[in-house]
Amino acid sequence: MKIHRLTTIKDCVLIEGGHDATAHTTRVAACAVVANPLVGSAHDDVSELFPFGAELGALLVKEALALLPRPAICYGKAAIVGTSGDIEHGAAVLHPRMGRPMRDAIGGGAALIPSNVIIGAVGATLNVPIGHKDDPWALDFIDTIDVTVGHAPRPDEILVIVALADGPRPRPRLGK
């Protein structure tokens, strides 16, 4: 795996809808721009990308945790595959092996890790889904963080994202 760039984003919402936030939640995203080794020809077998998920999961969750003031209770993952790639390239990085290192680093996680993969050009924005790590029906914790990394992904790259949050949306009112 060849990492071209690492970027982090920290988002703290203090006012939502004209009112002070009742939940002082911090949302973070740790992003890696990596070379896509499968660009250039069709591949029925994308398994060579599986180990990248474990490596990037461990690296990016560590980067994201360093930005949170409190323990992570929400998580998500995503990828933007450059335009010369295939949607399955992003899925191969995210799904088979990325979850375990994320769960290990945050102390568990019974719920499915929300995810999203798109094909995108340089400067594409992706809404990374975030959900409660243990309760998929904790509606106040279903959220997103918008991620854009300048100059990425180039056509032969994949932008891989791990997102964490230490609480619910800024002014949650749905309950369970």
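Predicted model: local features only at pLDDT ≥ 70, side-chain atom pairs only at ≥ 80, totals over all residues.
Me: In which strand is Thr26 found?
Reply: Helices (H or I, at least four residues) and strands (E, at least two) are DSSP runs, numbered from the N terminus. Contact means heavy atoms within 4.5 Å, and leaving aside its neighbours within four places in sequence, Thr26 has contacts that include Lys10, Asp11, Cys12, Leu164, Ala165 and Asp166. The element that holds Thr26 is strand β4.

Me: How far apart are the N and O atoms of the salt bridge between Asp11 and Arg27?
Reply: A salt bridge is a side-chain nitrogen of Lys or Arg within 4 Å of a carboxyl oxygen of Asp or Glu. Asp11 lies in strand β1 and Arg27 in strand β4 (residues 26–35), so this pair ties together parts that are 16 residues apart in sequence. Asp11 counts as partly exposed because its relative accessibility is 26%, whereas Arg27 is buried, with a relative accessible area of 10%. For the salt bridge of Asp11 and Arg27, the N to O distance is 2.6 Å.

Me: Which residues are linked with Arg27 in a network of salt bridges?
Reply: Besides its bridge to Asp11, Arg27 forms a salt bridge with Asp143, where the closest N and O atoms are 2.7 Å apart. This second pair links distant parts of the chain, with Asp143 in strand β8 and Arg27 in strand β4, 116 residues apart, and both Asp143 and Arg27 are buried. The residues joined with Arg27 in the network are therefore Asp11 and Asp143.

Me: With which residue does Asp166 form a salt bridge?
Reply: The closest N and O atoms of this salt bridge are 3.1 Å apart. The pair joins distant parts of the chain, 96 residues apart, since Asp166 is in the segment after β9 (157–165) and its partner is in the loop between α1 (50–65) and β5.

Me: How many bridges pair β7 with strand β8?
Reply: Two strands pair if DSSP finds at least two bridges between them. Strand β7 (residues 125–132) is mostly covered, with 6 of its 8 residues buried, and it pairs with strand β5 (residues 74–81) in the antiparallel sense over 2 bridges, where Tyr75 stands opposite Gly131. On the pairing with strand β8 (residues 143–148), Pro129 has Thr144 as its bridge partner. The sense of this pairing is antiparallel, and the number of bridges is 6.

Me: Where is Pro114 found?
Reply: Leaving aside its neighbours within four places in sequence, Pro114 is in contact with residues that include Tyr75, Pro129 and Gly131. Pro114 and Ile87 are 27 residues apart in sequence, and their C-alpha atoms are 17 Å apart in space. The place of Pro114 is the loop between α3 (99–106) and β6 (115–119).

Me: What accessible area do Met1, Ile3 and Leu6 have together?
Reply: Patches are made of residues with over 30% relative accessible area and no salt bridge, where like charges are joined within 9 Å and nonpolar side chains (Val, Leu, Ile, Met, Phe, Trp, Tyr) within 5 Å. Accessible areas come from the Shrake-Rupley method with a 1.4 Å probe, and for residues only the protein chains shown count as cover. Met1, in the segment before β1 (3–12), counts as partly exposed because its relative accessibility is 37%. Together with Ile3 and Leu6, Met1 forms a nonpolar surface patch with an accessible area of about 240 Å².

Me: What is the radius of gyration of the protein chain?
Reply: The protein chain has 3 helices and 9 strands, and 48% of its 176 residues count as buried. The radius of gyration is taken over C-alpha atoms, and the globule rule is 2.2 Å times the number of residues to the power 0.38. A compact globule with 176 residues would have a value near 16 Å, which agrees with the value for the protein chain, 16 Å.

Notes:
Residues numbered from 1 in each chain as written. Heavy atoms only, no water. Buried < 20%, exposed > 50% of the residue type's maximum accessible area, 1.4 Å probe, protein only.
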